[in-house]
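Biologist: I have not looked at this one before. Can we go through it together?

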Amino acid sequence: MTNSTTLAVAQLGPINSGESRESVVSRLCALLQGAADAGANIVTFPELALTTFFPRTWVEEQEDIDQFFESSMPSPATQPLFDLAQQLNISFYLGYAELTEDGRRFNTSILVNGEGRIVGKYRKIHLPGHSDRKDAPFQHLEKRYFEIGDLGFPVFTDRGRRISMCLCNDRRWPETFRVASLNGAELMLLGYNTPVHNIHWQEPEHLRMFHHRLSLQAAAYQNSLWICAAGKAGEEDGSVLIGGSCIVSPAGEIVAQTTSTGDELIFAIADFDLGEHFRRNIFNFAAHRRPEFYGAITDPRPGRVTDADVE
Ligand code: ING
């Protein structure tokens, strides 16, 4: 394979409240080093990879909420990760909570190149859950803590690859991948924090892993994408998060997946000619798509709205 890039996904085990950013960054650096030692070119880390998944908890005061946010990137705590990337000439995707200079808050991911420079940014568009306090063992307060992302689904070029990014719940919405693919993406990087338990109904636990894989495999195949999905996994502050970090080919096959719920690296030598076969034939958008019939997709009608709990 001449047209290949070696992809790594770096799954994180739990980050419990109280673990310092310095401690987490040393875990991230160990994973980055391991990926480089194995010859990887691009490493994907999880969503909100610097702290516990704090949207599971109701925090009253804004100053207490802001302890989970980064007001600069790289920050002093994350600078070692950027320095190591430059030293190793390896690129990485990192998810974190962004506090902008003008006081806006986003669930954000960045793409950092092999010179340790930020070459892309994405802000989460599909924020699941609720903004009010639920009488439940865990909350899902992304609508309370973050604004809806305002950057769309852009494509960035690094190492000759056309790369898009998304975050967690975005993967459940086919529009995420279709828009990225229409924008020219050939590789999608994403991180996630997915709880095993649903706080709204007795959802069989196995469905969480099934829907995680189903979403990724369908998206990869239908949009001729390589997809790297990095989870934060394991029991974190009493809440269990699924593992199942994986790399999916444009054929929709899972070509690598984690077997633990801890810090773990997986790899794939991705042949980017594979996506071309699908893009030029079965999913040749110019030849086969009929957007003149797709108007309902962007219709702002709220659609099926119930007064049931939002998930
Ligand atoms: N987490 C979950 C996710 O989309 C969720 C929330 C789980 C929504 C299961 C619906 C069903 O994987 C984040 N962080 O979006």
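Modeller: What follows goes through the sheets, then the ligand.
Modeller: This is a predicted model, where local features need pLDDT of at least 70, side-chain atom pairs count only at pLDDT 80 or more, and totals for chains, interfaces and linings use all residues. Residues are numbered from 1 along each chain as its sequence is written, and side-chain values use heavy atoms, with hydrogens and water left out.

Biologist: OK, in what order do the strands of the open sheet with S1 and S14 come?
Modeller: The order is S5-S4-S3-S2-S1-S14, six strands with mixed pairing. Strands are DSSP runs of E with at least two residues, helices are runs of H or I with at least four, and both are numbered from the N terminus. Two strands pair if DSSP finds at least two bridges between them.

Biologist: And which strands stand at the edges?
Modeller: Strand S5 (118-123) and strand S14 (264-271); each has a single partner strand, so one side of each is left without a neighbour in the sheet. The twist averages 25° from one strand to the next. Axes are lines fitted to C-alpha atoms, for helices over the stretch in contact, and angles run from 0 to 180 degrees between N-to-C directions.

Biologist: In which sense do S1 and S2 pair?
Modeller: Parallel, over three bridges, with S1 at residues 4-11 and S2 at residues 42-44. Ala 8 has Val 43 in S2 as its bridge partner.

Biologist: What order does the sheet with S6 and S13 have?
Modeller: S6-S7-S8-S9-S12-S13, again an open sheet of six strands with mixed pairing.

Biologist: Switching to the ligand. Which residues come nearest?
Modeller: Of the 14 residues around the ligand (a heavy atom within 4 Å), the nearest are Cys 168, Asn 169, Arg 172, Asn 193 and Thr 194.

Biologist: How far is a ligand oxygen from the side chain of Thr 194?
Modeller: An oxygen atom of the ligand is 2.7 Å from an N or O atom in that side chain. For the side chain of Asn 169, the distance from a ligand oxygen to an N or O atom is 2.8 Å.

Methods
Polar contact = N/O pair within 3.5 Å; in protein donor to acceptor, adjacent residues only side chain to side chain.
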